[in-house]
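Subject: A structure for you to explore

Hi there,

Here is the structure I promised to pass on to you. Have a look around it first, and then read on for what turned up.

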Amino acid sequence: MEQMALLCVLSTCFSAVQAQNYLLSPKWVPVGFREREERGDATAMDKIIQANEFHATRIIDGTTTLREGDIAVSSGRRSKVCFARSCLWSKSVDGHVYVAYMLSPEYTEIEEKLIKKGMDNIEDGTCIRFVPRTHQRDYLDIQSKSGCWSYLGSRGGRQTVSLQNPDCMQVGVISHEFMHALGFVHEQSRFDRDNYITIMWPNIWRDRFRNFEKFKTENLDLPYDYSSIMHFGMYAYSMDGEPTIVPKTNRNIKLGQASSLSHVDKLKINRLYQCAVKDD
(Lines give C-alpha, C1' and ligand atoms only; values in the text may rest on other atoms or scores of the structure.)
Protein backbone atom coordinates (compact mmCIF):
# COMPACT_ATOMS: atom_id res chain seq x y z
CA MET A 1 0.00 0.00 0.00
CA GLU A 2 2.84 2.38 0.87
CA GLN A 3 4.44 1.67 -2.51
CA MET A 4 1.14 2.33 -4.25
CA ALA A 5 0.71 5.61 -2.37
CA LEU A 6 4.26 6.64 -3.27
CA LEU A 7 3.63 5.82 -6.92
CA CYS A 8 0.44 7.91 -6.87
CA VAL A 9 2.29 10.87 -5.36
CA LEU A 10 5.09 10.59 -7.91
CA SER A 11 2.57 10.25 -10.72
CA THR A 12 0.70 13.33 -9.53
CA CYS A 13 3.91 15.36 -9.28
CA PHE A 14 5.02 14.20 -12.71
CA SER A 15 1.65 15.13 -14.20
CA ALA A 16 1.83 18.55 -12.58
CA VAL A 17 5.29 19.13 -14.05
CA GLN A 18 4.08 17.99 -17.46
CA ALA A 19 1.07 20.30 -17.22
CA GLN A 20 3.28 23.22 -16.19
CA ASN A 21 5.68 22.60 -19.06
CA TYR A 22 2.75 22.32 -21.47
CA LEU A 23 1.09 25.52 -20.30
CA LEU A 24 4.39 27.41 -20.48
CA SER A 25 5.31 25.99 -23.88
CA PRO A 26 5.40 28.27 -26.94
CA LYS A 27 1.98 26.93 -27.94
CA TRP A 28 0.39 28.66 -24.97
CA VAL A 29 2.66 31.68 -24.55
CA PRO A 30 3.18 33.41 -27.92
CA VAL A 31 6.85 32.93 -28.78
CA GLY A 32 8.80 36.10 -28.10
CA PHE A 33 5.74 37.83 -26.64
CA ARG A 34 7.51 39.02 -23.51
CA GLU A 35 10.42 40.43 -25.52
CA ARG A 36 8.03 42.27 -27.87
CA GLU A 37 6.03 43.55 -24.91
CA GLU A 38 9.18 44.87 -23.26
CA ARG A 39 10.15 46.62 -26.51
CA GLY A 40 6.65 48.05 -26.73
CA ASP A 41 5.78 46.52 -30.13
CA ALA A 42 3.37 43.77 -29.04
CA THR A 43 0.09 44.28 -30.92
CA ALA A 44 -3.44 44.21 -29.56
CA MET A 45 -3.89 40.83 -31.24
CA ASP A 46 -0.71 39.50 -29.61
CA LYS A 47 -2.25 40.32 -26.24
CA ILE A 48 -5.56 38.73 -27.24
CA ILE A 49 -3.78 35.55 -28.33
CA GLN A 50 -1.91 35.42 -25.05
CA ALA A 51 -5.13 35.83 -23.05
CA ASN A 52 -7.21 33.42 -25.13
CA GLU A 53 -4.65 30.64 -25.37
CA PHE A 54 -4.52 30.58 -21.57
CA HIS A 55 -8.16 31.15 -20.72
CA ALA A 56 -10.57 30.73 -23.61
CA THR A 57 -11.70 27.58 -25.33
CA ARG A 58 -12.44 27.50 -29.04
CA ILE A 59 -15.90 26.16 -28.13
CA ILE A 60 -17.84 28.75 -26.09
CA ASP A 61 -20.93 26.59 -25.87
CA GLY A 62 -22.54 23.82 -27.87
CA THR A 63 -23.42 26.07 -30.83
CA THR A 64 -20.76 28.81 -30.68
CA THR A 65 -17.05 28.60 -31.44
CA LEU A 66 -14.16 31.05 -31.76
CA ARG A 67 -12.91 31.77 -35.26
CA GLU A 68 -9.60 33.48 -36.05
CA GLY A 69 -8.80 33.41 -32.35
CA ASP A 70 -11.41 35.87 -31.03
CA ILE A 71 -14.53 36.05 -33.24
CA ALA A 72 -17.52 34.21 -31.79
CA VAL A 73 -19.43 32.33 -34.48
CA SER A 74 -22.70 30.52 -33.93
CA SER A 75 -23.87 27.64 -36.08
CA GLY A 76 -26.76 29.70 -37.47
CA ARG A 77 -26.95 31.13 -40.97
CA ARG A 78 -26.71 34.73 -39.71
CA SER A 79 -23.05 34.37 -38.72
CA LYS A 80 -22.16 33.14 -42.20
CA VAL A 81 -23.98 36.10 -43.74
CA CYS A 82 -22.11 38.55 -41.51
CA PHE A 83 -18.76 37.15 -42.65
CA ALA A 84 -19.77 37.81 -46.26
CA ARG A 85 -21.16 41.30 -45.64
CA SER A 86 -21.22 43.25 -42.40
CA CYS A 87 -24.36 43.16 -40.28
CA LEU A 88 -24.68 46.81 -39.39
CA TRP A 89 -26.01 48.59 -36.34
CA SER A 90 -28.89 50.89 -37.20
CA LYS A 91 -28.30 54.58 -37.87
CA SER A 92 -30.23 57.34 -36.12
CA VAL A 93 -31.91 60.24 -37.94
CA ASP A 94 -29.26 62.56 -36.48
CA GLY A 95 -26.56 60.73 -38.46
CA HIS A 96 -25.02 58.89 -35.52
CA VAL A 97 -24.90 55.15 -34.93
CA TYR A 98 -25.78 54.59 -31.28
CA VAL A 99 -24.49 51.28 -29.90
CA ALA A 100 -26.10 50.57 -26.54
CA TYR A 101 -24.17 48.61 -23.95
CA MET A 102 -24.38 47.16 -20.46
CA LEU A 103 -21.34 46.68 -18.24
CA SER A 104 -20.96 43.80 -15.83
CA PRO A 105 -20.88 44.95 -12.18
CA GLU A 106 -17.73 42.79 -11.81
CA TYR A 107 -15.60 45.55 -13.34
CA THR A 108 -13.80 47.99 -11.09
CA GLU A 109 -13.96 51.73 -11.62
CA ILE A 110 -10.50 51.66 -13.23
CA GLU A 111 -11.56 48.87 -15.59
CA GLU A 112 -14.72 50.76 -16.53
CA LYS A 113 -12.55 53.75 -17.47
CA LEU A 114 -10.33 51.53 -19.65
CA ILE A 115 -13.39 50.16 -21.44
CA LYS A 116 -14.61 53.72 -22.01
CA LYS A 117 -11.21 54.65 -23.47
CA GLY A 118 -11.52 51.73 -25.87
CA MET A 119 -14.90 53.13 -26.93
CA ASP A 120 -13.44 56.65 -27.24
CA ASN A 121 -10.85 55.27 -29.69
CA ILE A 122 -13.70 54.31 -32.03
CA GLU A 123 -15.90 57.36 -31.46
CA ASP A 124 -13.12 59.86 -32.20
CA GLY A 125 -13.55 61.01 -35.80
CA THR A 126 -16.49 58.69 -36.57
CA CYS A 127 -20.28 58.73 -36.14
CA ILE A 128 -20.25 55.77 -33.73
CA ARG A 129 -21.48 56.52 -30.22
CA PHE A 130 -21.53 54.01 -27.37
CA VAL A 131 -24.35 54.74 -24.93
CA PRO A 132 -25.42 53.00 -21.70
CA ARG A 133 -28.51 50.89 -22.38
CA THR A 134 -31.85 52.20 -21.25
CA HIS A 135 -34.62 50.61 -23.34
CA GLN A 136 -32.80 49.49 -26.52
CA ARG A 137 -33.60 46.04 -27.86
CA ASP A 138 -30.17 45.56 -29.47
CA TYR A 139 -27.18 46.04 -27.18
CA LEU A 140 -23.73 44.80 -26.18
CA ASP A 141 -23.56 42.91 -22.91
CA ILE A 142 -19.95 43.41 -21.82
CA GLN A 143 -18.92 40.62 -19.47
CA SER A 144 -15.73 39.34 -17.86
CA LYS A 145 -16.05 35.86 -19.29
CA SER A 146 -13.26 33.53 -20.44
CA GLY A 147 -10.85 35.44 -22.68
CA CYS A 148 -11.30 38.34 -25.12
CA TRP A 149 -13.87 37.83 -27.88
CA SER A 150 -16.86 39.30 -29.69
CA TYR A 151 -19.49 38.34 -32.23
CA LEU A 152 -19.23 39.89 -35.68
CA GLY A 153 -21.53 42.82 -36.42
CA SER A 154 -24.97 43.36 -34.97
CA ARG A 155 -26.81 40.12 -34.19
CA GLY A 156 -29.97 41.62 -32.72
CA GLY A 157 -30.99 41.53 -29.07
CA ARG A 158 -28.48 40.98 -26.29
CA GLN A 159 -25.00 40.38 -27.67
CA THR A 160 -22.08 39.31 -25.49
CA VAL A 161 -18.62 40.85 -25.67
CA SER A 162 -16.13 39.10 -23.40
CA LEU A 163 -13.44 41.30 -21.84
CA GLN A 164 -11.96 39.19 -19.10
CA ASN A 165 -10.36 41.09 -16.27
CA PRO A 166 -7.50 41.68 -15.94
CA ASP A 167 -6.17 39.91 -19.07
CA CYS A 168 -8.23 41.88 -21.62
CA MET A 169 -8.11 45.20 -19.77
CA GLN A 170 -5.95 47.02 -22.32
CA VAL A 171 -7.29 49.83 -24.48
CA GLY A 172 -6.14 48.34 -27.79
CA VAL A 173 -7.64 44.94 -26.99
CA ILE A 174 -10.94 46.56 -26.01
CA SER A 175 -11.07 48.63 -29.22
CA HIS A 176 -10.22 45.54 -31.28
CA GLU A 177 -13.18 43.60 -29.87
CA PHE A 178 -15.56 46.53 -30.40
CA MET A 179 -14.38 46.73 -34.02
CA HIS A 180 -15.49 43.11 -34.43
CA ALA A 181 -18.83 44.03 -32.87
CA LEU A 182 -19.20 46.79 -35.49
CA GLY A 183 -18.67 44.22 -38.26
CA PHE A 184 -14.95 44.21 -39.06
CA VAL A 185 -12.87 41.05 -39.50
CA HIS A 186 -9.08 40.85 -39.23
CA GLU A 187 -7.19 42.75 -41.90
CA GLN A 188 -5.12 39.79 -43.08
CA SER A 189 -8.39 37.93 -43.76
CA ARG A 190 -8.97 40.12 -46.82
CA PHE A 191 -9.33 38.08 -49.99
CA ASP A 192 -6.55 40.10 -51.68
CA ARG A 193 -4.12 39.76 -48.78
CA ASP A 194 -1.66 37.58 -50.75
CA ASN A 195 -0.78 40.65 -52.83
CA TYR A 196 0.58 42.30 -49.72
CA ILE A 197 1.73 39.65 -47.25
CA THR A 198 3.07 36.11 -47.24
CA ILE A 199 1.66 33.63 -44.76
CA MET A 200 4.54 31.47 -43.51
CA TRP A 201 2.58 28.24 -43.06
CA PRO A 202 5.54 26.10 -41.86
CA ASN A 203 5.97 28.41 -38.84
CA ILE A 204 2.34 28.23 -37.65
CA TRP A 205 0.97 25.78 -35.10
CA ARG A 206 -0.83 23.16 -37.21
CA ASP A 207 -4.05 23.36 -35.19
CA ARG A 208 -4.19 27.14 -35.72
CA PHE A 209 -4.12 27.11 -39.54
CA ARG A 210 -7.83 28.01 -39.68
CA ASN A 211 -7.04 31.34 -38.00
CA PHE A 212 -5.36 32.43 -41.26
CA GLU A 213 -8.25 31.83 -43.67
CA LYS A 214 -9.33 34.42 -46.26
CA PHE A 215 -12.86 35.76 -46.74
CA LYS A 216 -14.58 37.67 -49.54
CA THR A 217 -15.34 40.71 -47.42
CA GLU A 218 -16.09 44.29 -48.47
CA ASN A 219 -12.82 46.23 -48.60
CA LEU A 220 -14.62 49.58 -49.03
CA ASP A 221 -12.16 50.62 -51.77
CA LEU A 222 -9.50 51.26 -49.15
CA PRO A 223 -5.85 50.18 -49.31
CA TYR A 224 -4.49 47.19 -47.44
CA ASP A 225 -3.70 48.46 -43.95
CA TYR A 226 -0.58 46.91 -42.44
CA SER A 227 -1.01 49.09 -39.35
CA SER A 228 -4.67 48.30 -38.68
CA ILE A 229 -5.60 47.46 -35.10
CA MET A 230 -7.35 44.50 -36.74
CA HIS A 231 -4.12 43.07 -38.19
CA PHE A 232 -2.37 40.04 -36.67
CA GLY A 233 1.17 40.68 -35.50
CA MET A 234 4.12 39.28 -37.43
CA TYR A 235 4.55 36.35 -35.01
CA ALA A 236 0.89 35.41 -34.44
CA TYR A 237 0.59 31.70 -33.54
CA SER A 238 4.29 31.08 -34.20
CA MET A 239 5.47 27.68 -33.00
CA ASP A 240 9.19 28.36 -33.28
CA GLY A 241 9.69 32.10 -32.88
CA GLU A 242 9.87 32.68 -36.62
CA PRO A 243 7.49 35.12 -38.39
CA THR A 244 4.12 33.79 -39.50
CA ILE A 245 3.20 36.89 -41.55
CA VAL A 246 5.76 38.74 -43.70
CA PRO A 247 5.01 41.91 -45.72
CA LYS A 248 5.90 41.47 -49.39
CA THR A 249 7.24 44.96 -50.07
CA ASN A 250 9.22 45.68 -46.91
CA ARG A 251 9.88 43.14 -44.20
CA ASN A 252 10.45 45.98 -41.71
CA ILE A 253 6.87 47.26 -41.95
CA LYS A 254 5.24 47.04 -38.54
CA LEU A 255 2.08 44.95 -38.52
CA GLY A 256 -0.85 45.84 -36.27
CA GLN A 257 -1.35 48.34 -33.47
CA ALA A 258 -0.97 48.14 -29.72
CA SER A 259 -3.49 50.69 -28.50
CA SER A 260 -4.95 52.94 -31.22
CA LEU A 261 -6.98 52.67 -34.38
CA SER A 262 -5.08 53.47 -37.55
CA HIS A 263 -6.15 56.27 -39.89
CA VAL A 264 -7.54 53.70 -42.32
CA ASP A 265 -9.44 51.94 -39.51
CA LYS A 266 -11.40 55.16 -38.98
CA LEU A 267 -11.95 55.55 -42.72
CA LYS A 268 -13.39 52.02 -42.77
CA ILE A 269 -15.89 52.88 -40.05
CA ASN A 270 -16.87 56.10 -41.80
CA ARG A 271 -17.41 54.41 -45.15
CA LEU A 272 -19.17 51.32 -43.84
CA TYR A 273 -21.57 53.38 -41.75
CA GLN A 274 -21.66 56.33 -44.18
CA CYS A 275 -20.64 58.78 -41.49
CA ALA A 276 -21.08 62.43 -42.42
CA VAL A 277 -17.53 63.34 -41.44
CA LYS A 278 -14.51 64.29 -43.49
CA ASP A 279 -13.32 61.19 -45.36
CA ASP A 280 -9.69 61.77 -46.44
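This is a predicted model: local features need pLDDT of at least 70, side-chain atom pairs count only at pLDDT 80 or more; totals for chains, interfaces and linings use all residues.

Y224 has a relative accessible area of 8%, and buried means under 20%, so Y224 is buried.

**Aromatic rings**

Y224 has a partner. The structure holds nine aromatic pairs, and in one of them the ring centres of Y196 and Y224 are 4.9 Å apart with their planes at 10 degrees, so this pair is stacked. The two come from distant parts of the chain, 28 residues apart: Y196 sits in the loop between helix 6 and strand 8, and Y224 in the loop between strand 8 and strand 9. Y196 is partly exposed, with a relative accessible area of 28%.

W201 and F212 also pair up, but edge-to-face, with 6.2 Å from centre to centre and 70 degrees between the planes. Both W201 and F212 belong to the loop between strand 8 and strand 9, eleven residues apart. W201 counts as partly exposed at 35% relative accessibility, whereas F212 counts as buried at 1%. These two are also members of one aromatic cluster, made up of W201, F209, F212, F232 and Y237.

Y237 lies in the loop between strand 8 (197-199) and strand 9 (245-247), and at 6% relative accessibility Y237 counts as buried.

**The nonpolar cores**

Now to the inside. The largest nonpolar core has 53 residues, and those with the most contacts inside it are L140, I142, L163, F178 and Y273. Helix 6 (residues 171-182) gives this core its largest share, six residues. Apart from it there is another core, of eight residues, including I71, C87, L152 and F215.

Not counting residues up to four places away in sequence, L163 touches Y107, I115, I142, Q143, S144, G147, C168, M169, I174, E177 and F178.

**Two disulfides**

How many disulfides are there? The count comes to two.

One is formed by C127 and C275, whose sulfur atoms are 2.1 Å apart. The torsion about their S-S bond is about -60 degrees, so this disulfide is left-handed. C127 lies in the loop between helix 5 (109-123) and strand 4 (128-132), while C275 lies in the segment after helix 7 (263-272), so the pair ties together parts that are 148 residues apart in sequence. C127 is buried at 3% relative accessible area, and C275 is buried at 9%.

The other joins C148 to C168, with 2.0 Å from S to S. Here the torsion about the S-S bond is about -90 degrees, so this disulfide is left-handed. C148 is in strand 6 (residues 148-151) and C168 is in the loop between strand 7 (158-163) and helix 6, 20 residues apart. C148 is buried, with a relative accessible area of 0%, and C168 counts as buried at 0%.

While you are in that loop, find P166, which lies between strand 7 and helix 6. A cis peptide bond joins N165 and P166, with omega about 5 degrees.

**Three histidines from a record**

Which residues does UniProt list for "binding site"? An unreviewed entry there names H176, H180 and H186.

H176 is found in helix 6 and is buried, with a relative accessible area of 0%. Leaving aside neighbours within four places in sequence, H176 is in contact with M45, I48, D70, H186, I229 and M230.

H186 is in the loop between helix 6 and strand 8, and counts as buried at 1% relative accessibility. With the neighbours within four places in sequence again left aside, the contacts of H186 are M45, E68, D70, I71, H176, H180, M230 and F232. A polar contact of 2.6 Å joins the side chains of H186 and E68.

E68 itself is found in the loop between strand 1 (64-67) and strand 2 (71-74). Phi of E68 is near 55 degrees, a positive value in a residue other than glycine, and E68 is buried, with a relative accessible area of 1%.

Enjoy exploring!

Best wishes

Conventions. Residues are numbered from 1 along each chain as its sequence is written. Side-chain values use heavy atoms; hydrogens and water are left out. A nonpolar core is a set of buried Ala, Val, Leu, Ile, Met, Phe, Trp, Tyr and Cys residues joined through side-chain atoms within 4.5 Å. Buried means under 20% relative accessible area, exposed over 50%, partly exposed in between (1.4 Å probe, protein chains only). Helices (H or I, at least four residues) and strands (E, at least two) are DSSP runs, numbered from the N terminus. Contact means heavy atoms within 4.5 Å. A disulfide is a pair of cysteine sulfur atoms within 2.5 Å. UniProt positions are given in the numbering used here, feature names are shortened, and annotations may be inferred rather than shown by experiment. A polar contact is a pair of N or O atoms within 3.5 Å; within protein, one must be able to donate a hydrogen and the other to accept it, and residues adjacent in sequence count only if both atoms are side-chain atoms. Rings of Phe, Tyr and Trp (its six-membered ring) pair if their centres lie within 6.5 Å; planes under 30 degrees apart count as stacked, over 60 as edge-to-face and the rest as tilted.
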